[in-house]
Amino acid sequence: SSIYNCLLAARENARAVRGTLTTEVWETQNQTWIEFQRMLRNRAFERDPGEGFEWVKFRSHLSRGVTVGTMLQDEAFHFLRIGSFLERADNTARMLDVKFHAAKSEFFGTGQVQGNGNGSGKDQEYDFYHWSAILRSVSAFEVYRKAYRNVIRPEKVAELLILRSDMPRSLAASIDEVVANLAKVANEQSGETLRRAGRLQADLRFGRIDEIL
């Protein structure tokens, strides 16, 4: 799951199906791998990890954009999109799970109720930076401000990243895309897959954040 192995696998998988990709998609993947190798040799990640991570995010956005913008929307495209959105949902869920457990262990165990406004100034400051970091990690800080227009609260962060279908990285939005792309490649053997995906979609569409929390 390392960045190195993910980029290597992406490049090798792209090379294996080179004939089904557009030139732009292949060149983006190949150039990403070549540039990543150069950055490793120059110890760029060691000098400035933050800049290195931003580069990885940028290349990921570029790869996704060139794929959506140039590839024929056939079966291969839809399977690629299913994988992308399953991975996005998984990553968002894992991040929320880890962050909520970290918050509980640090504050809930001491009797503080996080985000209720009754904690000390230090606790509230931690609250803000802790949950702001989560939002920024999925490019959702500005989205949160626009959607809720109030202080950052854990339950609202969770609602945004789980149930809001208008937030591109939420679980709801990701599963909507999975279901839509599954429908494009459905056949007589895919009934159970569609049923499970549809049930998850319904849980997210009609769920309430207080029940989830």
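**Reading a helical chain**

Mentor: Among contacts (heavy atoms within 4.5 Å) between residues at least 6 apart in sequence, 52% join residues at least 24 apart. This is a predicted model, in which local features need pLDDT of at least 70 and side-chain atom pairs count only at pLDDT 80 or more, while totals for chains, interfaces and linings use all residues. Residues are numbered from 1 along each chain as its sequence is written, and side-chain values use heavy atoms, with hydrogens and water left out.

Trainee: How many helices and strands are there in the chain?

Mentor: Helices (H or I, at least four residues) and strands (E, at least two) are DSSP runs, numbered from the N terminus. The chain has eleven helices and zero strands.

Trainee: What percentage of the residues of the chain count as buried?

Mentor: Buried means under 20% relative accessible area, exposed over 50% and partly exposed in between, with a 1.4 Å probe and protein chains only. Of the 213 residues here, 36% count as buried. Neighbours within four places in sequence aside, Thr22 is in contact with Thr70 and Met71.

Trainee: Which residues have the most contacts inside the largest nonpolar core?

Mentor: A nonpolar core is a set of buried Ala, Val, Leu, Ile, Met, Phe, Trp, Tyr and Cys residues joined through side-chain atoms within 4.5 Å. The largest has 32 residues, and those with the most contacts inside it are Leu135, Val157, Leu160, Leu161 and Ile162. Helices H5 (75–106), H6 (121–137), H7 (141–148), H8 (154–162), H9 (171–184) and H10 (191–206) each supply at least two residues of this core. A second, separate core of eight residues includes Leu7, Ala44, Phe45 and Trp55.

Trainee: At what angle do the axes of H7 and H8 cross?

Mentor: Two packed helices are described by the angle between their axes and the distance between the axes. Axes are lines fitted to C-alpha atoms, for helices over the stretch in contact, and angles run from 0 to 180 degrees between N-to-C directions. The axes of H7 and H8 come within 11 Å and cross at roughly 105 degrees. H7 is therefore roughly perpendicular to H8, a class that spans 65 to 115 degrees, with angles under 35 roughly parallel, over 145 roughly antiparallel and the rest oblique. Val143, Tyr144 and Tyr148 of H7 meet Lys156, Val157, Glu159 and Leu160 of H8.
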